[in-house]
Structures are given as C-alpha cells and as structure tokens.
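Come along and check each entry against the picture.

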Amino acid sequence: MNVTVTGISVLKNDIDSYDLSLPEDEWNRIQTIVSEFTFAKKSVIFSQAIVCDRIFFIADGIAASEQTLAEGTSPIARFFCRGQFCSNITSALMKDYANDTLIAIADVRVVSFPIYFFLQEYYDGKILGEYFRRKVLETLLFDKEIICAKTVLNTEYRYRFLEERQPEVIQLVPDKDIARFMGITPQGLCRFLKNRSQKN
C-alpha cells in the first residue's frame, strides 16, 4: 500500500512538534522508502515468530505488545498510541526471533520504516536522525515508567498511570485488555472500577 498524505502528515506534524523541519527533498526521499499500512482491530501487526525488520510509527489507533507465555497466558506488556514508535529493536539487531507480538487493540494505521533505514538515520542522520534519537530516548524513559507502575502491587496506582499517561487507552481499549496489562482478571478490574466509582 502506498503512503498516503494522511499518514505522512501525522508523522510530519510529530517531527515539527520537536522544532525540527525537514526540507522538501528529504520528505520526497522518505516517501520512497516508507510504507503505510492499516490493521483492523485484533490483527497481528508483527509476530514474535519472525525476526523484526521494520519500525512502526503509530499514525492512528492503539497497538499493544503481547507476550504469549508457556502456561498459555498472554499478558500485555504495554500499549502504543498515536505518535509513538513500536518494534522489537533487540530482534532486529540480534537477527533473532522477537519476544513479543504487536497486535492492533483498536483499528491502527502505521507508517513503516525498514530497520536498515531507521538504524542508518539513527546513527548518522542529522534532522531525521535527531528525531529518531529523541523518540528512542522517550521510549526508553516511558518503558521505565511502565516497569515502575507495574512493579507497584497496587491496582489504583496502575490504573491511574494509564489515566494520566495514556488516557486514550482508558477510553478506547476493552476492559479485558486493560486487565491483561494490569495483571488482574477482568472480574477483578470490574470490581475495582465499581468500588472506585462508589468512593468517588
């Protein structure tokens, strides 16, 4: 599928928000390299059964990193929302299978970068490279926040983390998937929300 103006414009606006501006010829070059894809809700965007070879920019919708464990459970490690990058860099660098599957929790539109191009720009690029480096740093910091939130054995704390940091998840993601992220059952989340509502 060819890149549409809509997907690129979301990416362009995100780059502009960092006070970075790419010249027109650079945009033209990027559009010959990247691709845009749409994924319906519950579709697999990237499978842990293959080696990662692309980086995805979420132009619209919500994706989630899902890990299928030996005991048959599939917890959600984290959600990815509009303006965030998602992939499995370890899989790409080590040329080994990924340890998670990226799924569309709500209908998702992504702009897809080949890993070779992303890494080339990340290491040596100027304007686009600076953008990639900033986004990777933000991702690392956000991942640390998620780890801290999930380490605290307090349902209120975990739920408030989503409310404050990813409110679109609370609005658009089914409760059963939020429960998988929080590490509780859907019934447990239901009881928590009911008790929370009564207290408020």
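I start with a word I need: a residue is buried when its relative accessible area is under 20%, exposed when it is over 50%, and partly exposed in between (1.4 Å probe, protein chains only). I also note that strands (E, at least two residues) and helices (H or I, at least four) are DSSP runs, numbered from the N terminus.

I keep in mind that this is a predicted model, where local features need pLDDT of at least 70, side-chain atom pairs count only at pLDDT 80 or more, and totals for chains, interfaces and linings use all residues. Residues are numbered from 1 along each chain as its sequence is written, and side-chain values use heavy atoms, leaving out hydrogens and water.

Entry one: strand E8. I looked up residues 108–114 and found seven of the seven buried.

Entry two: partners of E8. Two strands pair if DSSP finds at least two bridges between them. Strand E1 (residues 35–39) pairs antiparallel with E8 over five bridges, and phenylalanine 39 stands opposite valine 108. Strand E3 (residues 54–60) is joined to E8 by six bridges, also antiparallel; here phenylalanine 57 has valine 111 as its bridge partner.

I read its four strands in the order E2-E7-E4-E5, with antiparallel pairing. Which strands are at the edge? I found E2 (44–46) and E5 (76–80), each pairing on one side only. E2 meets E7 (residues 101–104) over two bridges, and phenylalanine 46 has leucine 102 as its partner in E7.
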